Amino acid sequence: MNSLLTDYEVVVIGGGHAGIEAAHSAWKLGVKTALLTMRIEDIGRMSCNPAVGGVAKGQITREIDALGGLMGLLADQAGIQFRMLNQSKGPAVWGPRAQCDRLRYSRLAQEVLSSLQGLTCIEGELVSFSRLQDQGFELTLSSGERLKTKTLVITSGTFLASRMFVGLESSIGGRFGAPSAELLSHTIRSTGIRWRRLKTGSPARLDPDSVDYHECEVQKGDTIPWSFSDRTTHELNNSGVCWITRTNLKTHQILRSGFKDSPLFSGVIQGAGPRYCPSIEEKIHRFGDKDGHLLFLEPETEDVSRIYINGFNSSLSAEIQLAAIRSIPGLTRAKILQMGYAIEYDTIDATQLHPTFEVKEYPGLYFAGQVCGTSGYEEAAAQGLMAGINAALKVKKSPPFILSRSESYIGVLVDDLVNVLLNEPYRMFTSRAEYRLFLRADNAEMRLKDKAYKIGMISEQDYLSWQSRKKNFQKIKAYIETESGSPEQVNPILIKSGQALVSERVRWIQVLRRPGIDPEAFFREVFPELQISRRDIWFLYAEEIYAGFLERQLKEIEHQKKMDGFRLSKNIDYTRVIGMSAEAQEKLNQEKPLTMGQVQRISGVRQADITVLVHWLETHSF
């Protein structure tokens, strides 16, 4: 056995969604990268619901794709049902979602990573790491083998000192059938990095032959499905069917009878769970006035080998879970293939991280994903993407890559994580983004493609294709802004949308802005000769209907961009800033913000402190 294995520039720990994006992005930026995971066959495993996207999460997935990441492409290939959520509301809060074949998604992720020359996938368990004299890291595996790397990205998910619970029975593990990373958790704690315990859960999986589907409501995909990636060229598989049922008062009574043996209510589990994705027992406990809760029966694979009960996360005893499930319409004959369970695990306090996901007091060490206290595949993948990019840029001695709140949901996610001390798993919602009219699913490419190209995440061919598409879009927009239609041309469209008719020519852009206009029908019927994609139609439409709101917010966004672009040195000693409050000096020395935008969002720093700091920086250089 070699005492020292190959040197790497970036080593990523963990093969989940954060690890996949971290390894892929570091590889894309041309640095020597390795992905270390306990089992190669578990790369890309969808441990909970095999779905990607949704409200806000779909926007994140589109952003990952616009930045050159993998999640959107994988979801498009592994998807079995595609739906655009929130279509009853405006396009600013639409959320693309795909139910995926979990086995296919994992297999595709493994195939992609294994095919990348210069990216090495290693099967093994990291048990410890230490700092080298050159400021790199030496990694020790459970096998005794060692690796050397310049930067280390830990994406350990729910595996640090993890425990699983079914009723009062507990076992060691970070996922059903997978072990816990006990020694790595000990090593991280020994560095002095602050940590905490959180909790998540997973529902039971059912034998599909034991479900009475006729007692449930059928839920099919959209007639015309939306892809996540603008690089997807194949026809989407939209054949999957889901079903809807709901709990009832009898279900609730059975669940309550098991509370006395619940690890949540008995205090066995200390970690906080996700408030916005609670277990079924927490729903019953918190919302006792409800006579039922919706449940979604979702296939885990295209051949429907198992059924996932979305909305029924539980850590109650096996007997209680089975009895409660069998009280639900459509599930009275249910056979459970895998019992629901809760997981309690170590996470770090993410306020110890820079927006690059590098630990402030431990240069070269990065964390990303659920280990940072988040919940969801999409949030994890976004962090992995940013951590991998920044680890590679650090190796290349290039400036860090940071996205602001005003230009992406990823920017909102990062800013919230590194500036706000969380007391529960973080989940993205559209309400968290103050500029959500700008951060739509339809314009992710317009916001982020150029940035991705500048740092090397987008190939020349992809970028030229994007430029061509953008020029075509701008040409079409200019055309409908200048050309007009006669009453004979315009009124049939207005009649269909219930609008007042016109008696003189009107510019086509004014017609498109009318309430109730179907933008796809508008272009298909009026301009069949124009070559414009469905996504660009909705982008143009959204830009027009939100134009007044966007214009009013533009000045605020420009100011925020300037503040986020005002870089600060990590070497500033804020106690030297005369006139700044002692609280602000203490907070800034502790947080070591990288931009003035971050300074604005640190609790305890007032506007007067910021004004003093700006004036002080004018006479001091770093």
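The protein chain contains 20 helices and 22 strands. The model described here is predicted.

Overall dimensions were computed from the C-alpha atoms. A compact globule of 622 residues would have a radius of gyration near 25 Å, and the protein chain, with 26 Å, therefore agrees with that expectation. Along its principal axes, the C-alpha trace spans about 80 × 75 × 50 Å.

Burial, contacts and surface were then examined for the protein chain. Of the 622 residues, 58% are buried, that is, under 20% relative accessible area. When contacts between residues at least 6 apart in sequence are considered, 72% of them join residues at least 24 apart. The accessible surface amounts to about 25700 Å², and carbon and sulfur atoms account for 51% of this area.

At least two residues each are supplied by α10 (409-419), α11 (444-455), α12 (460-482), α16 (534-545) and α17 (547-565). The most is given by α17, which provides six residues to the lining of the second largest pocket.

Key
Residues are numbered from 1 along each chain as its sequence is written. This is a predicted model: local features need pLDDT of at least 70, side-chain atom pairs count only at pLDDT 80 or more; totals for chains, interfaces and linings use all residues. Side-chain values use heavy atoms; hydrogens and water are left out. Helices (H or I, at least four residues) and strands (E, at least two) are DSSP runs, numbered from the N terminus. The radius of gyration is taken over C-alpha atoms; the globule rule is 2.2 Å times the number of residues to the power 0.38. Buried means under 20% relative accessible area, exposed over 50%, partly exposed in between (1.4 Å probe, protein chains only). Contact means heavy atoms within 4.5 Å. Accessible areas come from the Shrake-Rupley method with a 1.4 Å probe; for residues, only the protein chains shown count as cover.
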